[in-house]
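Here are my notes on the model, point by point. Please keep the sequence and the 3D view open while you read.

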Amino acid sequence: MSFSSETKAELCRIPAGRECCAVAEAYGLLLYAHTFSHTEIAMVTSSEPLAKRIPPLFARAFGITVTAQEKSAGGRITYKITDEAQCRRVFSRLGYDWKYHMSYHLNRNVIEEDCCRAAFLRGVFLASGAVAGPDKKTHLEMTTAHHTLCREVMSLMLDMDLTPKLAVRETVSMLYWKDAAGAEDFLTLIGAQHAAMQLMQAKVEKQLRNQINRQVNCEAANVIKASNAAAGQITAIRLALEQGGWEVFPDSLHETIRLRLEDPTASLAELAARLQPPISKPGMSHRLRRIVAIAKAVQEEHE
């Protein structure tokens with residue numbers, strides 16, 4: 001089962017609740033349905049949970065009975081309402097004038113309460129939504145062939161502090177999110193908290209992996225840098241000792257030189273702690289720079 005299907009199944013487990021919310025959810029389904037007109041209402045879905053949700057939802061919202069009319073070979077289930085009395089009942093409950101109102105416009109009077117607005121958007125997502133799984137790049141979308149309706153729904157979302165993007169093509173308008181936070185907020189609002197949590201967990205895990213990778217890369221770079229520095233110090237010291245002996249270095253630096261030669265992989269902090277008496281890491285760094293400077297001066301004299 002795809003993540004979109006799992007998310008819709010989660011939404012379909014939400015009780016219909018108050019009648020006003022049932023009407024709002026059914027309204028979202030109808031506006032984004034296959035057909036919504038005064039002569040026919042048709043809803044087509046391949047989601048079994050949604051197919052089971054539609055009859056009790058419409059009974060709760062409009063007091064009408066709907067039954068599956070068709071089931072295609074591909075598993076798509078169609079619900080149709082063609083009875084004039086039932087169509088009139090639906091239109092009347094949604095505040096539309098029979099035969100004279102453009103049905104693909106949003107009547108906000110039906111969804112005045114916050115709970116109803118959330119239910120309405122749940123219906124929209126159930127009818128036309130899709131969301132990429134946690135293992136993929138974030139993408140949540142809802143599409144419709146009705147451009148004006150899409151803009152009206154976007155306006156509603158903006159009023160609810162949701163910030164989808166809008167894409168308009170010749171035959172389709174789409175509201176979508178490509179940012180995880182926006183998708184999570186939307187799913188949480190419409191009741192898919194588990195799906196939102198999965199996206200959030202995946203985002204946190206990805207951030208943690210990236211942080212660990214950056215830390216490992218940084219530490220590896222520091223190790224390489226330190227190793228290169230130590231190799232350069234040892235090479236310079238050995239050349240100076242071959243050319244001039246220990247006498248070219250002050251007695252106060254002899255112990256530092258021995259420690260460096262004895263343990264090429266030791267860090268500055270480790271070398272500093274082994275001196276008697278111990279010194280600070282910056283102090284050790286200063287001593288080694290002085291040693292290398294002397295060693296290079298010796299090499300230049302012998303060139």
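1. Where does Thr39 lie? Thr39 sits in the loop between strand 1 (35-36) and strand 2 (41-45). Helices (H or I, at least four residues) and strands (E, at least two) are DSSP runs, numbered from the N terminus.

2. A word on the basis. This is a predicted model: local features need pLDDT of at least 70, side-chain atom pairs count only at pLDDT 80 or more, and totals for chains, interfaces and linings use all residues. Residues are numbered from 1 along each chain as its sequence is written, and side-chain values use heavy atoms, with hydrogens and water left out.

3. Back to Thr39. Its side chain makes a polar contact of 3.1 Å with the side chain of Ser37. (A polar contact is a pair of N or O atoms within 3.5 Å; within protein, one must be able to donate a hydrogen and the other to accept it, and residues adjacent in sequence count only if both atoms are side-chain atoms.) Not counting residues up to four places away in sequence, Thr39 touches Ile81 and Thr82. Contact means heavy atoms within 4.5 Å. Thr39 and Arg88 are 49 residues apart in sequence, yet 9.5 Å apart in space, C-alpha to C-alpha.

4. Asn107 is in another loop, between helix 4 (84-93) and helix 5 (114-128). Is Asn107 buried or exposed? Asn107 is buried, with a relative accessible area of 15%. (Buried means under 20% relative accessible area, exposed over 50%, partly exposed in between; 1.4 Å probe, protein chains only.) Leaving aside neighbours within four places in sequence, Asn107 contacts Tyr27, Leu94, Gly95 and Tyr96.

5. Helix 1 (residues 3-12) has 8 of its 10 residues buried, so it is largely enclosed by the rest of the structure. Among the buried residues are Phe3, Thr7 and Glu10. Their cover includes helix 3, helix 5, strand 5 (129-131), helix 7 (180-190) and helix 8 (193-244).

6. The axes of helix 1 and helix 8 come within 8 Å and cross at roughly 140°. (Axes are lines fitted to C-alpha atoms, for helices over the stretch in contact, and angles run from 0 to 180 degrees between N-to-C directions.) Phe3, Thr7 and Glu10 of helix 1 meet Gln193, His194, Ala195, Gln198 and Leu199 of helix 8.

7. Helix 2 (residues 19-31) packs on helix 3 (residues 48-62) at about 125°, with the axes 9 Å apart. On the helix 2 side, the contact includes Ala22, Ala26 and Leu29. On the helix 3 side, it includes Leu50, Leu57 and Phe58.
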